[in-house]
Amino acid sequence: MYSFIGKKLLSFSCILLGISFLTFLLLHVSPADPAYLKLAAAGVPPTKEALQMERHIMGIDKPFLEQYFIWFKNIIHGDFGISYQYGTPALSIFLRDLPNTLRLVFGGVIVSAGIAFSSAIISAFYKNTWIDTFLKNISNISIAIPDFYLTLLFMYIFSVRLHVLPIVSRSDTKSLILPVLVLGIISSGKPTRYIRSRLLEELSKDYVKGAYARGLSAPVVMFHHVLKNSMVGIITVIGLTFGNLLGGTAAIEFLTSYKGVGNLILEAIEHRDMPVIQIYVLWMAISFLILNLFVDFSYHFFNPQIKWKIKQSGRRHHHEN
C-alpha cells in the first residue's frame with residue numbers, strides 16, 4: 001500500500017509540473033500584454049516607457065524560462081505572486097472565492113446524484129416501458145442542453161415570472177438554489193445512463209435470479225445486492241462528475257453574478273492575470289488528482305477482491321526483496 005501511494009504521489013508531482021509549465025508557456029505566447037491591460041484599466045497612458053517600467057515591476061520582462069523558474073521557486077516557498085488586476089496576493093483572492101464555488105459544486109453533486117440514482121433505478125425497474133423511454137429522453141436532454149441556456153431559462157421562470165428566486169446572487173442560501181439546480185440537472189444525464197446500464201447488467205446475472213427464487217423482494221434485491229455490486233463503476237462516474245463541476249461553473253457564476261472562482265477566472269483571463277490563472281489551473285489539476293486517488297481507495301471498500309489483490313501484490317514484492 002505504501003508503494004502504491006508513493007507511486008501515485010510521484011506521478012502526481014510530474015503531472016503538476018507538466019501542467020504548470022504548459023500553462024505558463026501558453027500564457028507567455030499569448031498576444032495580449034498584461035502590462036498594457038493593467039495600465040489601460042488604471043487609466044494610465046500606455047507609453048513605451050510606462051510599459052517597460054510596468055513589465056519590469058510585474059517581472060515579465062525576463063526570458064521565459066527565467067520567469068518560470070522564479071515562479072516555481074516562489075511557489076515552493078508558498079508565494080503565488082501578486083494579482084495583476086487587484087494588486088494583492090493572488091492566493092488570498094482565490095481563497096476568498098473558493099468556498100462559494102465549493103458550496104455550489106457540492107450542492108450540484110448532491111442534486112445530480114439524487115436525480116441520477118432515482119432515474120436509473122426507476123428505469124431499471126420499468127425497463128423498456130414508456131417510463132423508461134421518458135426518463136432516457138430526459139437524461140439525453142440534460143446532456144445536450146447548454147448550461148448558460150438552462151440558467152437563463154430558470155432565471156426567466158423563477159426570477160422574472162414567479163419572483164421566487166433572486167435574479168442576482170447574494171450571500172444567502174436562497175441565492176444558491178438556482179445555480180445548484182442548473183448544475184445538478186446538466187450533470188445528471190451521463191451518470192443516469194451509466195448507472196442504468198450497470199444496474200441492468202447486474203440484474204441479468206444469476207445471483208439476482210437466485211435471490212428472487214429465495215423470495216426476496218425487488219427493492220431488497222436492488223438496494224442490498226445490485227446497487228452494492230455496481231458501486232465500483234458508479235463511484236468513478238460520480239467522481240468524474242464532481243471534477244467536471246469544479247471547472248464547469250464559470251458560465252453559471254457569470255450569469256447569476258455569483259462570487260466564485262469561476263467568475264474570478266473569467267476576469268483573470270480577460271486581464272491576463274497570470275498568477276490567478278496559474279493558481280486556478282493548479283487547483284483544478286490537484287482536485288482531479290485527489291479525486292482519482294479517492295476513487296482508487298473507494299474501490300477497496302466496495303470490492304474486497306481489489307483490496308486482496310493489492311495485499312497479495314505487496315506480499316509478493318516483500319518476498320522478492
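I take patches as residues with over 30% relative accessible area and no salt bridge, joining like charges within 9 Å and nonpolar side chains (Val, Leu, Ile, Met, Phe, Trp, Tyr) within 5 Å. Accessible areas are Shrake-Rupley values with a 1.4 Å probe, and for residues only the protein chains shown count as cover.

**Ground rules.** I am reading a predicted model, where local features need pLDDT of at least 70, side-chain atom pairs count only at pLDDT 80 or more, and totals for chains, interfaces and linings use all residues. Residues are numbered from 1 along each chain as its sequence is written, and side-chain values use heavy atoms, with hydrogens and water left out.

**Entry: surface patch.** I looked up the nonpolar patch of about 950 Å². Its members are Phe 148, Tyr 149, Leu 152, Leu 153, Tyr 156, Ile 157, Val 160, Leu 162, Val 164, Ile 167 and Val 168. I then checked Tyr 149, which sits in helix H7, residues 147–161. Helices here are DSSP runs (H or I, at least four residues), strands are E runs of at least two, and numbering starts at the N terminus. Tyr 149 is partly exposed, because its relative accessibility is 46%. My classes are buried under 20% relative accessible area, exposed over 50%, and partly exposed in between (1.4 Å probe, protein chains only).

**Entry: whole chain.** I found 15 helices and zero strands. The radius of gyration is 25 Å, well over the 20 Å that the globule rule gives for 321 residues, so the chain is more spread out than a compact globule. That radius is taken over C-alpha atoms, and the rule is 2.2 Å times the number of residues to the power 0.38. The C-alpha trace spans about 85 × 70 × 30 Å along its principal axes. Of the 321 residues, 40% count as buried. The accessible surface is about 18100 Å², with 67% belonging to carbon and sulfur atoms.

**Entry: aromatic pairs.** I found eleven of them. Phe 21 and Tyr 68 form an edge-to-face pair, because their ring centres are 5.2 Å apart and their planes stand at 85°. Rings of Phe, Tyr and Trp (its six-membered ring) pair when their centres lie within 6.5 Å; planes under 30 degrees apart are stacked, over 60 edge-to-face, the rest tilted. Phe 21 is in helix H1 (residues 2–29) and Tyr 68 in helix H4 (residues 64–76), so the pair ties together parts 47 residues apart in sequence. Are the two partners buried or exposed? Phe 21 is partly exposed at 30%, and Tyr 68 is buried at 4%. Tyr 68 also pairs edge-to-face with Phe 69, with centres 5.8 Å apart and planes at 65°. Phe 69 is exposed at 53%. Ring pairs link Phe 21, Phe 24, Phe 64, Tyr 68, Phe 69, Trp 71 and Phe 72 into a cluster.

**Entry: Ser 257.** I placed Ser 257 in the loop between helix H12 (250–256) and H13. Ser 257 is partly exposed at 33%. What does Ser 257 touch, not counting residues up to four places away in sequence? Val 168, Ser 169 and Asn 263, with contact meaning heavy atoms within 4.5 Å. The C-alpha atoms of Ser 257 and Val 168 are separated by 5.8 Å, at 89 residues apart along the chain. Asn 263 is among the buried residues of H13 (residues 261–270).

Key. Salt bridge = Lys/Arg side-chain N within 4 Å of Asp/Glu carboxyl O.
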